[in-house]
Amino acid sequence: SCPSCRRKMMSLGGLMMFGSGLVFAHSSKNLTLLTLAAIFGVISPGGNDLGPFMPIEQSALAQLVSDSNRTKLMGWYGLVGAFSVALGSLVGGTFSQLLHTRFGFSLLDAYRGVMFAYAALGFVLALLA
């Protein structure tokens, strides 16, 4: 129930995303480093929102509405989260394909471009938190 604590945690999570995105964009051979970056950097191979943001978001949302509206809000939260995962996969895949087919990037460099975008979004999240 500490709004400034939640902001700090969201900002820290954004910085972790930023760092892991940069590690993934620059490193392709060091499995230990990639594994640590994935664990600490909120990278989910299944695209599920099960990282450190979820409990922070849910606790903040739960305090915004009355008890009678909480279930409806959490339903919308789940729906928007699922839609966002699907949209993120579509955008990431389309972006990497465009980099590869239209702009001549190698597949590896195209995927690195996606990871740079992930890092940039993490940085923006850290600033907005």
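This is a predicted model: local features need pLDDT of at least 70, side-chain atom pairs count only at pLDDT 80 or more; totals for chains, interfaces and linings use all residues.

Reply: A salt bridge is taken here as a side-chain nitrogen of Lys or Arg within 4 Å of a carboxyl oxygen of Asp or Glu.

Me: How far apart are the closest N and O atoms in the salt bridge of arginine 112 with aspartate 109?
Reply: Arginine 112 and aspartate 109 are three residues apart in helix α5, and therefore about one helical turn separates them. Aspartate 109 counts as partly exposed, because its relative accessibility is 33%. The closest N and O atoms of this salt bridge are separated by 3.5 Å.

Me: How many salt bridges does the structure hold, and which residue pairs with arginine 70?
Reply: Side chains of opposite charge can pair when their charged atoms come close. The structure holds two salt bridges, and in the one made by arginine 70 the closest N and O atoms are 3.0 Å apart.

Me: What secondary-structure pattern does the protein chain follow along the sequence?
Reply: The protein chain has five helices and zero strands. Its C-alpha atoms fill a box of roughly 55 × 25 × 25 Å along the principal axes, and 22% of its 129 residues count as buried. Read along the sequence, the pattern is α-α-α-α-α.

Me: How are α1 and α5 oriented to each other?
Reply: Two packed helices are described by the angle between their axes and the distance between the axes. For helix α1 (residues 3-26) and helix α5 (residues 107-128), the angle is about 160 degrees and the axes lie 7 Å apart, while the crossing is left-handed. Angles over 145 degrees count as roughly antiparallel, and α1 and α5 are therefore roughly antiparallel.

Me: How is α1 oriented to α2?
Reply: The axes of α1 and helix α2 (residues 31-40) come within 8 Å of each other and cross at roughly 155 degrees. Because of that angle, α1 counts as roughly antiparallel to α2. The crossing of α1 and α2 is left-handed, and the orientation asked for is roughly antiparallel.

Me: What is the handedness of the crossing between α4 and α5?
Reply: The axes of α4 and α5 come within 8 Å and cross at roughly 135 degrees. That angle makes α4 oblique to α5. As for handedness, the way in which α4 passes α5 is right-handed.

Me: Which residues make the nonpolar surface patch of about 410 Å²?
Reply: One of the contributors is Leu87, which lies in helix α4 (residues 67-101). Leucine 87 has a relative accessible area of 40% and is therefore partly exposed. The patch is made by Phe83, Leu87, Leu90 and Val91.

Me: How far apart in space are leucine 64 and serine 27, C-alpha to C-alpha?
Reply: Leucine 64 lies in the loop between α3 (53-62) and α4, and counts as exposed because its relative accessibility is 66%. Leucine 64 and serine 27 are 37 residues apart in sequence, and their C-alpha to C-alpha separation in space is 41 Å.

Me: What distance separates the C-alpha atoms of phenylalanine 40 and serine 20?
Reply: Phenylalanine 40 is found in helix α2, and it is exposed because its relative accessible area is 52%. Phenylalanine 40 and serine 20 are 20 residues apart along the chain, whereas the separation of their C-alpha atoms is 7.4 Å.

Me: How far apart in space are glycine 78 and alanine 37?
Reply: Glycine 78 lies in helix α4, and with 39% relative accessibility it is therefore partly exposed. Glycine 78 and alanine 37 are 41 residues apart in sequence, and from C-alpha to C-alpha the distance is 26 Å.

Definitions and conventions
Residues are numbered from 1 along each chain as its sequence is written. Side-chain values use heavy atoms; hydrogens and water are left out. Patches are made of residues with over 30% relative accessible area and no salt bridge: like charges are joined within 9 Å, nonpolar side chains (Val, Leu, Ile, Met, Phe, Trp, Tyr) within 5 Å. Accessible areas come from the Shrake-Rupley method with a 1.4 Å probe; for residues, only the protein chains shown count as cover. Helices (H or I, at least four residues) and strands (E, at least two) are DSSP runs, numbered from the N terminus. Buried means under 20% relative accessible area, exposed over 50%, partly exposed in between (1.4 Å probe, protein chains only). Axes are lines fitted to C-alpha atoms, for helices over the stretch in contact, and angles run from 0 to 180 degrees between N-to-C directions. Angles under 35 degrees count as roughly parallel, over 145 as roughly antiparallel, 65 to 115 as roughly perpendicular and the rest as oblique. A crossing is left-handed if the near helix is turned anticlockwise from the far one by less than a right angle, and right-handed if clockwise.
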